[in-house]
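My notes are below the display.

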Amino acid sequence: MTNWTEEQKQAIRSLDQDLLLSAAAGSGKTAVLVQRIIHIMKTKKVNLDQLLIVTFTNAAAGEMRERIHGAIMEELGRQEPGSEEGRYFRKQTRMLKRCSIGTMHSFCLDIIRTYFHLVDVDPNFRIMDSNDALLIKRNLIGELLEEAFAEPDALLAGLAEMFGAAKDDAALDELLLRVYDFILSQPRPWEWLDSKCAEFSLSYEEFLAGPSWLAWRKQTEEYLHNMRAYFQRGLDLLWDADGFDGYRGTLQQE
């Protein structure tokens, strides 16, 4: 029998309220969640197909399903043959096949496929993979830049000249993709973008007190410190070497 900590016992037994748990890797989160599910079943007498159990990956979902099955079989082994509790847990072994255990994406996929006629979606649709998504984004960026370059814009021309190349705008395309992906990684992407754009309208004093300048200054200081160390290392290596007078002078000047 597992010796649960007091915190784990609370996580397993706390019902009828929202619960947020945070624990390090390998601390037994999955085991606690499985026991919480068993506790809900025993306390509420709900069937497994009434529960939604969300994981981050499909692999984690498979592991979760196996662990729940194992926990149900353990509970079943503790019951008297023919008892009401035993019949309940035996029924759950069949319900496990219909239980919603998976990623949020797979759950939403099942909902849409079940009710496709209500949302006017082809039931044979599929979720695009990362390669399809990248191809669509590249095509859209190409179309947007083509439309933008059709109109004279000094700012856009300067952007293309600074980040593009002489023959094509592939480097600019890649930059826009990286910026777009980075923006979407923020909790509230468009609010974050608006706040960053607003920093360009700050006064000189406000900008120097803001996070962007402080981060850039720290990064630049670290870069210059490392460069000075490299130059000093070069001088140390060449100081007593013959035939490198020109190099020593250049390094000292730099």
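The entries below go from helix contacts to a single side chain.

Entry 1, ground rules. I am working with a predicted model, in which local features need pLDDT of at least 70, side-chain atom pairs count only at pLDDT 80 or more, and totals for chains, interfaces and linings use all residues. Residues are numbered from 1 along each chain as its sequence is written, and side-chain values use heavy atoms, with hydrogens and water left out.

Helix 10 covers residues 189–198 and packs on helix 9 at about 115°, the axes being 8 Å apart. Axes are lines fitted to C-alpha atoms over the stretch in contact, and angles run from 0 to 180 degrees between N-to-C directions. The two helices are therefore roughly perpendicular (65 to 115 degrees). I listed Tyr 180, Phe 182, Ile 183 and Leu 184 of helix 9 against Pro 189, Trp 190, Trp 192 and Leu 193 of helix 10; contact means heavy atoms within 4.5 Å.

I found Asn 47 in the loop between helix 2 (29–44) and strand 1 (52–54). Asn 47 is buried, at 16% relative accessible area (buried means under 20%, with a 1.4 Å probe and protein chains only). Its side chain makes a polar contact of 2.9 Å with that of Gln 92 (N or O atoms within 3.5 Å, one able to donate a hydrogen and the other to accept it). Leaving out residues up to four places away in sequence, Asn 47 touches Tyr 88, Lys 91, Gln 92 and Met 95.

Note on methods. Helices (H or I, at least four residues) and strands (E, at least two) are DSSP runs, numbered from the N terminus. Angles under 35 degrees count as roughly parallel, over 145 as roughly antiparallel, 65 to 115 as roughly perpendicular and the rest as oblique. Buried means under 20% relative accessible area, exposed over 50%, partly exposed in between (1.4 Å probe, protein chains only).
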